[in-house]
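Okay, thanks everyone, I'll keep this short. Let me put the model up and walk you through a few residues.

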Amino acid sequence: MNSRRKKRLVLASALVGGVAAVASLLLYALNSNLNLFYTPSEILNGKVDTGVRPEIGDRIRIGGMVTEGSVVRDPQSLNVSFAVHDANGGQVTVTYDDLLPDLFREGQGVVAQGVLVAPGKLEATEVLAKHDENYMPPEVAAAMGKNHQKMEYTAEQMSGGSK
C-alpha cells in the first residue's frame, strides 16, 4: 500500500470516527432532555403496550385530573401538594413550590412536568392547567377515557361567585 492510499484511509477513518462521535453526543444530549408523558396509572404500573415505567430521577410529564380534597397549601410558603388521578384508578402526589396557574382547581385537568422522586411522587417544576372547559390535552383526554365528565357550574359560579 503506498503512502497516498494510507493517507486517504486515515482521513476516511477519522471522518467516520468524528461523525460517530458527534452522533453519539447528540443522542446523549437529546436523551437527557427528553420529557416523556405518563398517566398516574402508567407511572405506577407501567405503560400498557411496553410495560415501561419511569425510574426515580427521570424527568417526566404527568397528566390527569386534580383529585377533589387533595390540595394542601403551606401557609408559610408557596409550596403546594396535590394528587393527580386518571380513569384507571392510578393516583400520584405532585409537589410544587411556585405560583399555580389561575385556572388551577380541584377536579380540573392538569399537566405537571418535573422529576419523579419516589414511586407515586413527582416534584414539579411546571404546572399547566387547562384553559377552557372544552379543551383537554390529547394525552390527558386519552388517559381519562370515557370517564371524563364536563364540569357543571352553578349560576352563582358563572356569575363570579365562589363555590
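This is a predicted model: local features need pLDDT of at least 70, side-chain atom pairs count only at pLDDT 80 or more; totals for chains, interfaces and linings use all residues.

Residues are numbered from 1 along each chain as its sequence is written, and side-chain values use heavy atoms, with hydrogens and water left out.

So, S41. You'll find S41 in helix α2, residues 40-45; helices here are DSSP runs of H or I, at least four residues, strands are E runs of at least two, and both are numbered from the N terminus. S41 is buried, at 7% relative accessible area, where buried means under 20%, exposed over 50% and partly exposed in between, with a 1.4 Å probe and protein chains only.

What does the side chain of S41 make a polar contact with? The side chain of D86, at 2.9 Å. A polar contact is a pair of N or O atoms within 3.5 Å; within protein, one must be able to donate a hydrogen and the other to accept it, and residues adjacent in sequence count only if both atoms are side-chain atoms.

Now T39, in the loop between β1 (36-38) and α2. T39 is buried, with a relative accessible area of 7%, and its side chain makes a polar contact with the D86 side chain at 3.3 Å.

Over to helix α1, residues 3-32, where L27 sits. L27 is exposed, at 60% relative accessible area. That's it from me.
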